[in-house]
Amino acid sequence: MSSLDARSSTEATGTPNLHILLAEATVLGDAALVVSGVDVLGVEDVRVGVDVLAAALRDAGVRAGQPVGALVGSGAEAVLIMFAIWSVGAAYVPINRRLRPSEVRQFLAETPIALLIGSRSDLRKHTFHGGLIEHSIFSVRVLQPADTEVPCHDPDVALVLRTSGTTGQPKAVLLRHSGTIDALDASLAKLRHSSREPRKAARPSPEKATPRMNLIPVSLALWAGIFNVLFALRAGAGVVLLEQFTPVALADAVRAHGIRSTVLPPALITALNDATDIDDLAPLRMVRSITAPLPPQAARRFHQRFGVMVLNSYGQTELGGEVVGWTAQDVRTFGESKLGSVGRAYDDVDVRIRDEHGSDLAIGDTGEIHVRSPFRMHGYADSGPANDSNTDRFVRGYLCTGDLGRIDEDGFLWIQGRLSDMINRGGLKVFPDEVEDVLRRHPAIRDACVAGVPDRRLGEVPHAWLITDDVVDESALISWCRQELAPYKVPTGFNRVEQFPRSEVGKVQRRVLAAEFVAEQGGAARDTIGGS
């Protein structure tokens, strides 16, 4: 099936396929569709690149529904690869090209694929006995035929994504074509504050065939990167891919392409806050924070420094993407008064805050976030479709997210942290995010992380790791915390560090800090000091 045939094929079979987004993009004429470093690809360039790779996939024997993996990063190749895989009806399995050989071996052992695509240099790093295709933007070579014994997925499965493991053991999540298209339309409707109806492709006049460009500064091996590329195409926009993030590179891309809104994970927002080599981010006006909750203090600091509004959002891979966010009307009505909230639930999405017994909590109370979403995953690769009987993460149709939060009187959701990160200090609950927000407001502290460490008397107590420009007296920090926190929430100790360990999507790894602390203590629990 060629790119031009995607729409008619979808309509004929009645099975939605994300490849149709590329077919719709042909109305943009000769405009740039994908910009990545020195590579500038128009719609026709992308179509040809996709068709060439799709032909090679067929020649290699890839069957509809088979999982096809690709070693990808942040370049234009990733866009061509995913649309070529969908063009032949296969399921796309993105693999971060920066993973070490041992990590890729583990990935493929847990997530079998029929064929692996990658650049010559990337493929040389790995040993794989299934199908192989060497790929660059317009150069494709079949090295080994596909493994026809690898089972096929349901035709509606578009992606097989490995979770980050923050909710337990990493799992392979199956996301659907139909659910993803619905999620894209819901995101557009939410942002535009309009009723959710299928979007008609933008049709600029021939003399105005220059689409708006969306900047994607995260890896296309991640769901956040993939979703935002698809979001741009669904909105009738092109994409600028930032292959290597630096504050200067992002500021230059924003200025060169007239970017007024973009997406950024918290780690990049913090890097921009701390950057000394940029003065402004004009003409940027709005940033949507993705991949992890952004501390309110970081959002306020970014807004004060650059005059750019930062909007949080919320979703999980299992939910099919973003399910809570802001509308343009929310920004106009509430502005900075809700800065730090992740927004309000999408239409058709139901969010509940529940206690450990599964009972709904009152407005303002903190508990586990439960979400019922029409965009949710098809299931896990090793357990079939997602329903209440094959995974304990679903209860009566609601996904138990493992995240802690509260909903205020205006319906805005505020993330309080992870259930697994909650500190049980002698029976009293301490939420690390709350303590971190207080610490970040100290004028000498640039960033803070709080986690539970073992304590002989209380079981566990909060400990803080700080990024500061200067040494801060511990007694002064305890006094600062006591002004806004109950005594049992005050950290019992403080460590100064240069940076925090982060996951692939930029989430601070509290468990790593806590484990390192315990190891430094010789594995023994400490005696409580301060804040008792």
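1. Start with Asp348, which sits in the loop between strand S17 (344–345) and strand S18 (350–354). Strands here are DSSP runs of E with at least two residues, helices are runs of H or I with at least four, and both are numbered from the N terminus. Asp348 isn't a glycine, yet its phi is positive, at about 75 degrees. Most residues other than glycine have a negative phi, and most peptide bonds are trans. Asp348 is also exposed, because its relative accessible area is 57% and exposed means over 50% (buried is under 20%, partly exposed is in between; 1.4 Å probe, protein chains only).

2. A word on what you're looking at. This is a predicted model, where local features need pLDDT of at least 70 and side-chain atom pairs count only at pLDDT 80 or more, while totals for chains, interfaces and linings use all residues. Residues are numbered from 1 along each chain as its sequence is written, and side-chain values use heavy atoms, with hydrogens and water left out.

3. Pro283 belongs to the loop between helix H10 (266–274) and strand S13 (286–289).

4. Zooming out, the protein chain has 15 helices and 29 strands. Of its 532 residues, 55% count as buried.

5. A contact means heavy atoms within 4.5 Å.

6. Last, have a look at how helix H3 (residues 43–59) packs on H4: the angle is about 55 degrees, and the axes are 8 Å apart. (Axes are lines fitted to C-alpha atoms, for helices over the stretch in contact, with angles from 0 to 180 degrees between N-to-C directions.) That makes H3 oblique to H4, since under 35 degrees counts as roughly parallel, over 145 as roughly antiparallel, 65 to 115 as roughly perpendicular and the rest as oblique. Among the residues making the contact are Leu53 and Leu57 of H3, and Phe83 and Ala84 of H4.
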